[in-house]
Amino acid sequence: MEPADLLEQARSRSADPANPLENLAAAIAIGRELGAEADPMLDLALREAREAGISWAAILERLAPAPRSVRRRLLARPFTRRRLANRRRKLETACSFCRRQPGPRVFMVYGEGGRICHHCVALASDIVADLAKRR
Ligand SMILES: [Zn+2]
């Protein structure tokens, strides 16, 4: 069966078909029945949840009651692996204060164990100037 059709099946079993997190839970239930055959559908359900703005933290929390084998399979899916790797990479390059990414219009100052963008440098500079005035 096509992943989209399987996901449709999951939606029909979902406690709330408008909630991608509930659909993911239903997809996991189907995944437990079908095994690896359902993996592309799980990918799709995960992508849908992420595109609906649901955080990884919420997804992982929802996955917690799932059996370890299902959780491991799900977290090993290419979509998840890629996203988690991207997130890790992004956190490694982001401003330590506001999480902005460096770019052509975001200048970053690198220090030992952290980075600060020019927006945060300006903000910190204002804060320090205010504090100095009050003394
Ligand atoms: Zn910043």
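UniProt, in an unreviewed entry, annotates Cys95, Cys98, Cys117 and Cys120 as "binding site". Although these residues are spread over 26 residues of sequence, they cluster in space, with a largest C-alpha distance of 8.4 Å. UniProt positions follow the numbering used here, feature names are shortened, and annotations may be inferred rather than shown by experiment.

The model is predicted: local features need pLDDT of at least 70, side-chain atom pairs count only at pLDDT 80 or more, and totals for chains, interfaces and linings use all residues. Residues are numbered from 1 along each chain as its sequence is written, and side-chain values use heavy atoms, leaving out hydrogens and water.

Where does cysteine 95 lie? It sits in the loop between helix 6 (78–93) and strand 1 (108–111). Helices (H or I, at least four residues) and strands (E, at least two) are DSSP runs, numbered from the N terminus. The unreviewed UniProt entry also places "domain: ClpX-type ZB" at residues 81–135. Over that stretch the chain is 55% helix and 15% strand. Its end C-alpha atoms are 52 Å apart.

A separate division, from an automatic or database domain assignment, gives domain 1 (1–92) and domain 2 (94–135). Their C-alpha centres lie 37 Å apart.

Now the helix packing. Two packed helices are described by the angle between their axes and the distance between the axes. Axes are lines fitted to C-alpha atoms, for helices over the stretch in contact, and angles run from 0 to 180 degrees between N-to-C directions.

Take helix 1 (residues 3–13) and helix 3 (residues 39–51). Their axes come within 8 Å and cross at roughly 65°. Helix 1 and helix 3 are therefore roughly perpendicular (65 to 115 degrees). The crossing is right-handed, meaning the near helix is turned clockwise from the far one by less than a right angle. Pro3, Ala4, Leu6, Leu7 and Arg11 of helix 1 meet Pro40, Met41, Leu44, Ala45 and Glu48 of helix 3; contact means heavy atoms within 4.5 Å. By class, this contact has eight nonpolar, no polar and two charged residues. Ala, Val, Leu, Ile, Met, Phe, Trp, Tyr, Cys and Pro count as nonpolar, Asp, Glu, Lys and Arg as charged, and the others, Gly among them, as polar.

Helix 2 (residues 20–34) and helix 4 (residues 56–63) pack at about 40°, axes 10 Å apart. That angle makes helix 2 oblique to helix 4, the class left after roughly parallel (under 35 degrees), roughly antiparallel (over 145) and roughly perpendicular. Leu21, Glu22, Leu24, Ala25 and Ile28 of helix 2 touch Ala58, Ile59, Arg62 and Leu63 of helix 4.
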